[in-house]
Amino acid sequence: MRTRYHDATLIVHEGGRPVVREHQSIVVEGTQIAAVGSAAELARLAVDETVDSSRYLIIPGLINTHHHLFQSLTRGLKAVQSAKLFDWLTGLYQRWQHVDFVADKMAAQISIAELLLGGCTTTSDHHYLFPVGSDVRLEAVLEAAESLGIRIHACRGSMTMGQSKGGLPPDRCAEDEKNVLADCTRVLDLYHDPQRGAMRRIDLAPCAPFNVSPELLRDTATMARERRVLMHTHAAETLDEEAYCLERFKCRPMEYLRQHHWVGPDVYLAHCVCLDDSEIELLARTKTAVAHCPSSNMRLGSGIPPVRKLLDAGVTVGIGVDGSSSNDGGSLVAEMRQAMLLQRVAHGATAMTPAQAFSAATMGGAAVLNREELGNIAVGNPADLAMFRTDDIALAGLIVQDPLGALVLGQPPRPERVMVNGRLVVKDGRLTMLDQERLVAEFNSLVRKHFSS
Ligand SMILES: [Zn+2]
(Lines give C-alpha, C1' and ligand atoms only; values in the text may rest on other atoms or scores of the structure.)
Protein backbone atom coordinates (compact mmCIF):
# COMPACT_ATOMS: atom_id res chain seq x y z
CA MET A 1 0.00 0.00 0.00
CA ARG A 2 1.46 3.35 -1.07
CA THR A 3 -0.12 6.52 0.29
CA ARG A 4 0.81 10.02 -0.78
CA TYR A 5 0.30 12.89 1.66
CA HIS A 6 0.08 15.59 -0.97
CA ASP A 7 1.06 19.25 -0.71
CA ALA A 8 1.74 19.63 3.01
CA THR A 9 3.93 21.95 5.05
CA LEU A 10 6.73 19.88 6.61
CA ILE A 11 9.29 20.41 9.31
CA VAL A 12 12.35 18.32 8.48
CA HIS A 13 15.90 18.25 9.75
CA GLU A 14 18.55 19.30 7.25
CA GLY A 15 22.18 19.62 8.27
CA GLY A 16 21.23 19.06 11.90
CA ARG A 17 18.63 21.87 11.98
CA PRO A 18 14.87 21.83 11.65
CA VAL A 19 13.63 23.71 8.58
CA VAL A 20 10.14 24.42 7.26
CA ARG A 21 9.38 23.28 3.70
CA GLU A 22 6.11 24.19 2.00
CA HIS A 23 4.25 22.41 -0.82
CA GLN A 24 5.85 19.07 -0.05
CA SER A 25 4.63 15.50 -0.29
CA ILE A 26 5.44 12.33 1.60
CA VAL A 27 4.89 8.84 0.19
CA VAL A 28 4.43 6.12 2.81
CA GLU A 29 4.84 2.54 1.70
CA GLY A 30 4.17 -0.18 4.26
CA THR A 31 6.00 0.80 7.43
CA GLN A 32 8.42 3.25 5.83
CA ILE A 33 8.78 6.64 4.24
CA ALA A 34 9.37 5.84 0.57
CA ALA A 35 9.71 9.40 -0.77
CA VAL A 36 9.81 13.02 0.41
CA GLY A 37 9.99 15.99 -1.91
CA SER A 38 8.20 18.77 -3.71
CA ALA A 39 4.51 18.16 -4.26
CA ALA A 40 4.86 18.83 -7.97
CA GLU A 41 7.60 16.22 -8.40
CA LEU A 42 6.02 13.53 -6.25
CA ALA A 43 2.65 13.98 -7.98
CA ARG A 44 4.05 11.84 -10.78
CA LEU A 45 4.66 8.79 -8.57
CA ALA A 46 2.13 5.97 -8.81
CA VAL A 47 0.34 5.44 -5.49
CA ASP A 48 -2.74 3.59 -4.20
CA GLU A 49 -4.17 6.54 -2.33
CA THR A 50 -3.63 10.28 -2.18
CA VAL A 51 -4.54 12.32 0.88
CA ASP A 52 -4.94 16.06 0.27
CA SER A 53 -2.62 17.47 2.94
CA SER A 54 -2.70 21.14 1.96
CA ARG A 55 -4.12 21.92 5.43
CA TYR A 56 -1.53 19.82 7.27
CA LEU A 57 1.62 20.76 9.10
CA ILE A 58 3.46 17.43 9.26
CA ILE A 59 6.30 16.84 11.68
CA PRO A 60 8.34 13.79 12.69
CA GLY A 61 6.59 11.87 15.47
CA LEU A 62 7.74 13.28 18.82
CA ILE A 63 9.91 11.16 21.09
CA ASN A 64 9.36 10.93 24.83
CA THR A 65 12.52 9.94 26.69
CA HIS A 66 11.17 9.56 30.23
CA HIS A 67 7.85 8.41 31.64
CA HIS A 68 6.29 6.17 34.28
CA LEU A 69 3.11 5.14 32.51
CA PHE A 70 1.57 3.55 35.62
CA GLN A 71 1.53 6.89 37.42
CA SER A 72 -1.63 8.05 35.68
CA LEU A 73 -3.32 6.05 38.48
CA THR A 74 -2.41 8.77 40.96
CA ARG A 75 -2.16 11.91 38.91
CA GLY A 76 -3.49 14.92 40.72
CA LEU A 77 -3.68 13.00 44.02
CA LYS A 78 -4.69 15.68 46.49
CA ALA A 79 -2.44 14.50 49.33
CA VAL A 80 0.76 15.21 47.34
CA GLN A 81 -0.27 18.06 45.05
CA SER A 82 2.21 20.37 46.76
CA ALA A 83 4.89 17.95 47.95
CA LYS A 84 8.58 17.90 47.00
CA LEU A 85 10.15 14.73 45.60
CA PHE A 86 10.90 12.61 48.68
CA ASP A 87 7.61 13.50 50.43
CA TRP A 88 5.75 13.04 47.13
CA LEU A 89 7.30 9.58 46.67
CA THR A 90 6.62 8.52 50.26
CA GLY A 91 2.95 9.52 49.93
CA LEU A 92 2.57 7.76 46.58
CA TYR A 93 4.31 4.50 47.50
CA GLN A 94 1.46 3.85 49.94
CA ARG A 95 -0.97 3.80 46.99
CA TRP A 96 1.34 2.22 44.43
CA GLN A 97 2.03 -0.88 46.53
CA HIS A 98 -1.54 -1.99 45.71
CA VAL A 99 -1.11 -1.85 41.92
CA ASP A 100 -1.90 -5.10 40.11
CA PHE A 101 -1.58 -6.18 36.46
CA VAL A 102 -5.02 -4.94 35.43
CA ALA A 103 -4.50 -1.47 36.95
CA ASP A 104 -0.96 -1.29 35.60
CA LYS A 105 -2.05 -2.09 32.05
CA MET A 106 -5.02 0.26 32.06
CA ALA A 107 -2.89 3.09 33.47
CA ALA A 108 -0.32 2.47 30.74
CA GLN A 109 -3.06 2.60 28.11
CA ILE A 110 -4.28 5.95 29.44
CA SER A 111 -0.77 7.42 29.46
CA ILE A 112 0.02 6.07 25.99
CA ALA A 113 -3.31 7.30 24.61
CA GLU A 114 -2.50 10.78 25.86
CA LEU A 115 0.97 10.66 24.32
CA LEU A 116 -0.34 9.54 20.93
CA LEU A 117 -3.14 12.10 20.89
CA GLY A 118 -0.44 14.73 21.45
CA GLY A 119 1.74 13.61 18.52
CA CYS A 120 4.23 11.40 20.35
CA THR A 121 5.07 8.20 18.45
CA THR A 122 7.88 6.70 20.54
CA THR A 123 8.07 6.55 24.29
CA SER A 124 10.38 5.22 26.91
CA ASP A 125 8.66 3.85 30.01
CA HIS A 126 10.61 3.55 33.26
CA HIS A 127 8.65 0.84 35.07
CA TYR A 128 10.18 0.24 38.48
CA LEU A 129 7.11 -0.85 40.43
CA PHE A 130 6.79 -4.62 40.95
CA PRO A 131 5.16 -5.04 44.40
CA VAL A 132 6.19 -8.28 46.09
CA GLY A 133 3.41 -10.88 45.82
CA SER A 134 1.55 -8.95 43.11
CA ASP A 135 0.98 -10.12 39.53
CA VAL A 136 2.58 -6.98 38.02
CA ARG A 137 4.91 -7.81 35.11
CA LEU A 138 6.45 -5.81 32.31
CA GLU A 139 3.94 -7.47 29.98
CA ALA A 140 1.32 -4.99 31.24
CA VAL A 141 3.22 -2.17 29.54
CA LEU A 142 4.08 -4.17 26.43
CA GLU A 143 0.47 -5.23 25.94
CA ALA A 144 -0.72 -1.65 26.47
CA ALA A 145 1.76 -0.38 23.86
CA GLU A 146 0.67 -3.01 21.36
CA SER A 147 -3.02 -2.29 21.95
CA LEU A 148 -2.55 1.33 20.92
CA GLY A 149 0.28 1.06 18.38
CA ILE A 150 3.02 3.19 19.98
CA ARG A 151 6.73 2.42 19.60
CA ILE A 152 8.19 1.67 23.03
CA HIS A 153 11.41 1.36 24.99
CA ALA A 154 10.08 -0.58 27.99
CA CYS A 155 12.58 -0.17 30.80
CA ARG A 156 12.68 -3.07 33.26
CA GLY A 157 13.14 -0.94 36.37
CA SER A 158 13.76 -1.97 39.95
CA MET A 159 13.71 -0.94 43.59
CA THR A 160 15.50 -3.18 46.08
CA MET A 161 16.13 -1.01 49.13
CA GLY A 162 12.97 -0.77 51.17
CA GLN A 163 12.62 1.14 54.40
CA SER A 164 14.18 -1.66 56.46
CA LYS A 165 17.39 -1.23 54.40
CA GLY A 166 17.45 2.56 54.64
CA GLY A 167 15.57 3.23 51.37
CA LEU A 168 12.43 5.29 50.82
CA PRO A 169 9.84 2.75 49.54
CA PRO A 170 7.92 0.39 51.82
CA ASP A 171 9.42 -3.10 51.86
CA ARG A 172 6.51 -4.45 49.80
CA CYS A 173 7.73 -2.32 46.87
CA ALA A 174 11.31 -3.60 47.17
CA GLU A 175 12.23 -6.69 45.16
CA ASP A 176 14.88 -9.27 45.80
CA GLU A 177 17.96 -8.52 43.66
CA LYS A 178 18.27 -12.03 42.24
CA ASN A 179 14.64 -11.85 41.10
CA VAL A 180 15.25 -8.49 39.43
CA LEU A 181 18.19 -9.79 37.42
CA ALA A 182 16.37 -13.00 36.51
CA ASP A 183 13.38 -11.02 35.26
CA CYS A 184 15.63 -8.66 33.29
CA THR A 185 17.04 -11.72 31.51
CA ARG A 186 13.54 -13.09 30.95
CA VAL A 187 12.12 -9.96 29.34
CA LEU A 188 15.25 -9.38 27.27
CA ASP A 189 15.05 -12.94 25.93
CA LEU A 190 11.35 -12.67 25.17
CA TYR A 191 10.82 -9.14 23.95
CA HIS A 192 13.92 -7.11 23.05
CA ASP A 193 14.14 -6.39 19.34
CA PRO A 194 17.54 -4.98 18.32
CA GLN A 195 16.54 -4.51 14.66
CA ARG A 196 16.40 -1.12 13.00
CA GLY A 197 12.82 0.14 13.14
CA ALA A 198 11.95 -2.08 16.12
CA MET A 199 8.59 -1.37 17.73
CA ARG A 200 9.72 -2.81 21.04
CA ARG A 201 13.01 -2.56 22.89
CA ILE A 202 13.88 -3.41 26.47
CA ASP A 203 16.18 -1.09 28.45
CA LEU A 204 17.47 -1.86 31.98
CA ALA A 205 16.67 0.76 34.59
CA PRO A 206 17.21 0.66 38.37
CA CYS A 207 15.00 3.39 39.82
CA ALA A 208 17.50 5.74 41.49
CA PRO A 209 20.67 5.72 43.61
CA PHE A 210 18.53 6.04 46.75
CA ASN A 211 16.42 2.92 46.27
CA VAL A 212 18.70 0.27 44.77
CA SER A 213 21.95 -1.16 46.14
CA PRO A 214 25.37 -0.40 44.61
CA GLU A 215 25.67 -4.10 43.76
CA LEU A 216 22.48 -4.02 41.70
CA LEU A 217 23.63 -0.90 39.87
CA ARG A 218 26.86 -2.67 38.90
CA ASP A 219 25.22 -5.99 38.03
CA THR A 220 22.62 -4.25 35.89
CA ALA A 221 25.33 -2.36 34.01
CA THR A 222 27.21 -5.60 33.40
CA MET A 223 24.11 -7.31 32.05
CA ALA A 224 23.13 -4.35 29.88
CA ARG A 225 26.56 -4.28 28.26
CA GLU A 226 26.65 -8.02 27.72
CA ARG A 227 23.25 -7.80 26.04
CA ARG A 228 24.01 -4.49 24.25
CA VAL A 229 20.91 -2.72 25.54
CA LEU A 230 20.42 0.78 26.93
CA MET A 231 20.63 1.74 30.61
CA HIS A 232 18.34 4.30 32.19
CA THR A 233 17.89 5.78 35.66
CA HIS A 234 17.09 8.98 37.54
CA ALA A 235 20.06 11.18 38.40
CA ALA A 236 20.74 14.43 40.24
CA GLU A 237 17.05 15.27 40.42
CA THR A 238 16.98 17.21 43.70
CA LEU A 239 19.16 18.74 46.38
CA ASP A 240 17.74 16.11 48.79
CA GLU A 241 19.17 13.39 46.55
CA GLU A 242 22.51 15.20 46.45
CA ALA A 243 22.55 15.42 50.27
CA TYR A 244 21.61 11.72 50.50
CA CYS A 245 24.51 10.72 48.23
CA LEU A 246 26.99 12.99 50.01
CA GLU A 247 26.03 11.54 53.37
CA ARG A 248 25.69 7.89 52.41
CA PHE A 249 28.24 7.51 49.59
CA LYS A 250 30.53 10.47 50.39
CA CYS A 251 30.27 11.76 46.83
CA ARG A 252 27.89 13.59 44.51
CA PRO A 253 25.28 11.60 42.49
CA MET A 254 27.14 11.68 39.16
CA GLU A 255 30.41 10.54 40.75
CA TYR A 256 28.50 7.69 42.41
CA LEU A 257 27.03 6.67 39.06
CA ARG A 258 30.43 6.91 37.39
CA GLN A 259 31.96 4.64 40.05
CA HIS A 260 29.32 2.03 39.22
CA HIS A 261 29.82 2.22 35.43
CA TRP A 262 26.69 4.27 34.80
CA VAL A 263 28.11 6.66 32.21
CA GLY A 264 28.51 6.13 28.46
CA PRO A 265 26.72 6.43 25.12
CA ASP A 266 24.40 3.58 26.17
CA VAL A 267 23.20 5.45 29.27
CA TYR A 268 20.41 8.04 29.49
CA LEU A 269 19.67 9.82 32.73
CA ALA A 270 16.42 11.49 33.71
CA HIS A 271 16.44 15.02 35.13
CA CYS A 272 20.08 16.05 35.82
CA VAL A 273 18.88 19.18 37.63
CA CYS A 274 21.66 19.51 40.23
CA LEU A 275 24.86 19.31 38.20
CA ASP A 276 28.09 21.20 38.72
CA ASP A 277 30.43 22.06 35.84
CA SER A 278 32.60 18.97 36.31
CA GLU A 279 29.51 16.75 36.08
CA ILE A 280 28.42 18.45 32.86
CA GLU A 281 31.91 17.84 31.50
CA LEU A 282 31.67 14.18 32.59
CA LEU A 283 28.38 13.75 30.72
CA ALA A 284 29.84 15.37 27.60
CA ARG A 285 33.09 13.39 27.69
CA THR A 286 31.36 10.05 28.18
CA LYS A 287 28.52 10.84 25.73
CA THR A 288 25.96 10.10 28.44
CA ALA A 289 22.53 11.42 27.42
CA VAL A 290 19.97 13.39 29.39
CA ALA A 291 16.15 13.15 29.46
CA HIS A 292 15.01 16.65 30.41
CA CYS A 293 11.60 16.82 32.14
CA PRO A 294 10.80 20.50 32.71
CA SER A 295 7.17 20.27 33.90
CA SER A 296 8.05 17.64 36.49
CA ASN A 297 10.98 19.68 37.75
CA MET A 298 8.68 22.68 38.13
CA ARG A 299 5.77 20.71 39.63
CA LEU A 300 7.99 19.22 42.37
CA GLY A 301 9.99 22.42 42.81
CA SER A 302 13.16 20.46 42.04
CA GLY A 303 14.95 23.30 40.24
CA ILE A 304 16.03 24.40 36.76
CA PRO A 305 18.30 21.92 34.95
CA PRO A 306 21.33 23.48 33.23
CA VAL A 307 20.08 22.55 29.77
CA ARG A 308 21.69 25.53 28.05
CA LYS A 309 25.06 24.51 29.48
CA LEU A 310 24.47 20.86 28.60
CA LEU A 311 23.71 21.72 24.98
CA ASP A 312 26.69 24.06 24.78
CA ALA A 313 28.91 21.27 26.14
CA GLY A 314 27.63 18.93 23.40
CA VAL A 315 25.57 16.66 25.66
CA THR A 316 22.69 14.83 23.94
CA VAL A 317 19.43 16.12 25.42
CA GLY A 318 15.94 14.75 24.81
CA ILE A 319 12.66 15.75 26.38
CA GLY A 320 10.46 13.70 28.69
CA VAL A 321 7.04 14.31 30.15
CA ASP A 322 7.99 12.19 33.23
CA GLY A 323 5.38 10.16 35.08
CA SER A 324 1.82 11.40 35.15
CA SER A 325 1.94 11.96 38.90
CA SER A 326 4.57 14.69 38.62
CA ASN A 327 3.40 16.30 35.41
CA ASP A 328 -0.26 15.33 35.36
CA GLY A 329 -0.26 15.59 31.58
CA GLY A 330 1.50 13.86 28.70
CA SER A 331 1.83 16.34 25.84
CA LEU A 332 5.26 16.47 24.24
CA VAL A 333 4.27 19.64 22.40
CA ALA A 334 3.52 21.28 25.74
CA GLU A 335 6.79 19.95 27.10
CA MET A 336 8.82 21.53 24.25
CA ARG A 337 7.30 24.86 25.23
CA GLN A 338 8.05 24.32 28.91
CA ALA A 339 11.66 23.38 28.10
CA MET A 340 12.12 26.59 26.14
CA LEU A 341 10.42 28.81 28.70
CA LEU A 342 12.21 27.33 31.70
CA GLN A 343 15.65 28.03 30.25
CA ARG A 344 14.51 31.60 29.55
CA VAL A 345 13.47 32.01 33.20
CA ALA A 346 17.02 31.15 34.19
CA HIS A 347 19.09 32.71 31.42
CA GLY A 348 17.01 35.22 29.47
CA ALA A 349 15.14 35.34 26.17
CA THR A 350 17.93 33.92 24.01
CA ALA A 351 18.56 30.85 26.22
CA MET A 352 16.56 28.46 24.03
CA THR A 353 14.90 28.95 20.66
CA PRO A 354 11.77 27.18 19.41
CA ALA A 355 13.99 25.29 16.93
CA GLN A 356 16.24 24.02 19.72
CA ALA A 357 13.24 22.82 21.73
CA PHE A 358 11.82 21.13 18.61
CA SER A 359 15.17 19.43 17.92
CA ALA A 360 15.35 18.11 21.49
CA ALA A 361 11.89 16.51 21.17
CA THR A 362 12.69 14.88 17.80
CA MET A 363 16.32 14.27 16.78
CA GLY A 364 17.49 14.76 20.37
CA GLY A 365 15.10 12.12 21.66
CA ALA A 366 16.12 9.75 18.86
CA ALA A 367 19.79 10.20 19.80
CA VAL A 368 19.02 9.66 23.50
CA LEU A 369 17.41 6.32 22.65
CA ASN A 370 20.13 5.41 20.12
CA ARG A 371 17.53 5.38 17.34
CA GLU A 372 19.13 7.13 14.38
CA GLU A 373 16.24 6.00 12.17
CA LEU A 374 13.71 8.05 14.16
CA GLY A 375 13.15 11.77 14.75
CA ASN A 376 13.16 12.96 11.12
CA ILE A 377 11.08 12.72 7.97
CA ALA A 378 13.52 11.03 5.62
CA VAL A 379 13.45 8.30 2.99
CA GLY A 380 13.99 4.88 4.56
CA ASN A 381 12.95 5.96 8.05
CA PRO A 382 9.97 4.32 9.74
CA ALA A 383 6.83 6.33 8.93
CA ASP A 384 6.30 8.02 12.32
CA LEU A 385 4.43 11.28 11.68
CA ALA A 386 2.22 13.80 13.47
CA MET A 387 -0.13 15.88 11.29
CA PHE A 388 -1.60 19.11 12.66
CA ARG A 389 -4.37 21.15 11.01
CA THR A 390 -2.98 24.49 9.93
CA ASP A 391 -6.42 26.03 10.54
CA ASP A 392 -6.36 25.02 14.22
CA ILE A 393 -7.32 28.05 16.34
CA ALA A 394 -4.18 27.55 18.44
CA LEU A 395 -2.08 28.19 15.33
CA ALA A 396 -4.07 31.07 13.84
CA GLY A 397 -1.72 33.84 12.78
CA LEU A 398 1.26 31.99 14.25
CA ILE A 399 1.30 29.59 11.32
CA VAL A 400 1.66 32.52 8.92
CA GLN A 401 4.61 33.94 10.83
CA ASP A 402 6.50 30.70 11.37
CA PRO A 403 5.08 27.14 11.35
CA LEU A 404 7.84 25.85 13.63
CA GLY A 405 7.47 28.69 16.11
CA ALA A 406 3.71 28.13 15.95
CA LEU A 407 4.06 24.66 17.46
CA VAL A 408 6.39 25.68 20.28
CA LEU A 409 5.31 29.21 21.21
CA GLY A 410 1.53 28.85 21.33
CA GLN A 411 -0.77 26.67 23.38
CA PRO A 412 -0.21 23.04 22.33
CA PRO A 413 -2.40 21.98 19.41
CA ARG A 414 -3.46 18.34 18.99
CA PRO A 415 -2.69 16.51 15.77
CA GLU A 416 -5.54 15.34 13.57
CA ARG A 417 -3.60 12.29 12.43
CA VAL A 418 -0.73 10.36 13.99
CA MET A 419 1.09 7.56 12.22
CA VAL A 420 3.43 5.03 13.83
CA ASN A 421 5.37 2.62 11.64
CA GLY A 422 3.04 3.37 8.72
CA ARG A 423 -0.17 2.72 10.68
CA LEU A 424 -2.65 5.48 11.49
CA VAL A 425 -3.11 5.25 15.27
CA VAL A 426 -4.91 8.60 15.52
CA LYS A 427 -7.42 9.70 12.87
CA ASP A 428 -9.74 12.69 13.06
CA GLY A 429 -8.07 13.40 16.43
CA ARG A 430 -9.20 10.08 17.91
CA LEU A 431 -7.56 6.76 18.72
CA THR A 432 -8.13 4.19 15.98
CA MET A 433 -7.37 1.03 17.95
CA LEU A 434 -9.31 1.45 21.21
CA ASP A 435 -12.61 2.93 22.29
CA GLN A 436 -11.51 6.16 23.97
CA GLU A 437 -14.69 6.86 25.97
CA ARG A 438 -14.88 3.33 27.30
CA LEU A 439 -11.21 3.31 28.32
CA VAL A 440 -11.59 6.59 30.22
CA ALA A 441 -14.83 5.49 31.93
CA GLU A 442 -13.29 2.21 33.09
CA PHE A 443 -10.14 3.97 34.23
CA ASN A 444 -12.00 6.62 36.23
CA SER A 445 -13.98 3.92 37.95
CA LEU A 446 -10.74 2.06 38.83
CA VAL A 447 -9.08 5.22 40.18
CA ARG A 448 -12.19 6.15 42.18
CA LYS A 449 -12.30 2.68 43.73
CA HIS A 450 -8.65 2.10 44.61
CA PHE A 451 -6.38 5.08 44.04
CA SER A 452 -8.12 8.30 45.07
CA SER A 453 -7.46 10.02 48.39
ZN1 LIG B 1 10.90 9.84 36.64
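Predicted model: local features only at pLDDT ≥ 70, side-chain atom pairs only at ≥ 80, totals over all residues.

Q: How many helices and strands does the protein have?

A: There are 16 helices and 17 strands. The radius of gyration is 21 Å, close to the 22 Å from the globule rule for 453 residues, so the protein is as compact as a globular protein of that length.

Q: And what share of the residues is buried?

A: Buried residues account for 61% of the 453. As for contacts between residues at least 6 apart in sequence, 75% join residues at least 24 apart.

Q: Switching to aromatics: how many pairs are there?

A: The count is nine aromatic pairs. One of them is phenylalanine 70 with tyrosine 128: the ring centres are 5.6 Å apart and the planes sit at 90°, so that pair is edge-to-face.

Q: Where do those two residues lie?

A: Phenylalanine 70 is in the loop between strand E6 and helix H2, and tyrosine 128 is in the loop between strand E7 and helix H4, so the pair ties together parts 58 residues apart in sequence. Both residues are buried.

Q: What about phenylalanine 86 and phenylalanine 210, why is that pair called tilted?

A: Their planes are at 55°, with ring centres 4.8 Å apart, so the pair counts as tilted. It links helix H2 to the loop between strand E9 and helix H6, 124 residues apart.

Q: Which residues form the aromatic cluster?

A: Phe70, Trp88, Tyr93, Trp96 and Tyr128.

Key
Residues numbered from 1 in each chain as written. Heavy atoms only, no water. Helix = DSSP H or I, 4+ residues; strand = E, 2+ residues; numbered from the N terminus. Rg over C-alpha atoms; globule rule 2.2 N^0.38 Å. Buried < 20%, exposed > 50% of the residue type's maximum accessible area, 1.4 Å probe, protein only. Contact = heavy atoms within 4.5 Å. Phe/Tyr/Trp six-rings, centres within 6.5 Å; stacked < 30°, edge-to-face > 60°.
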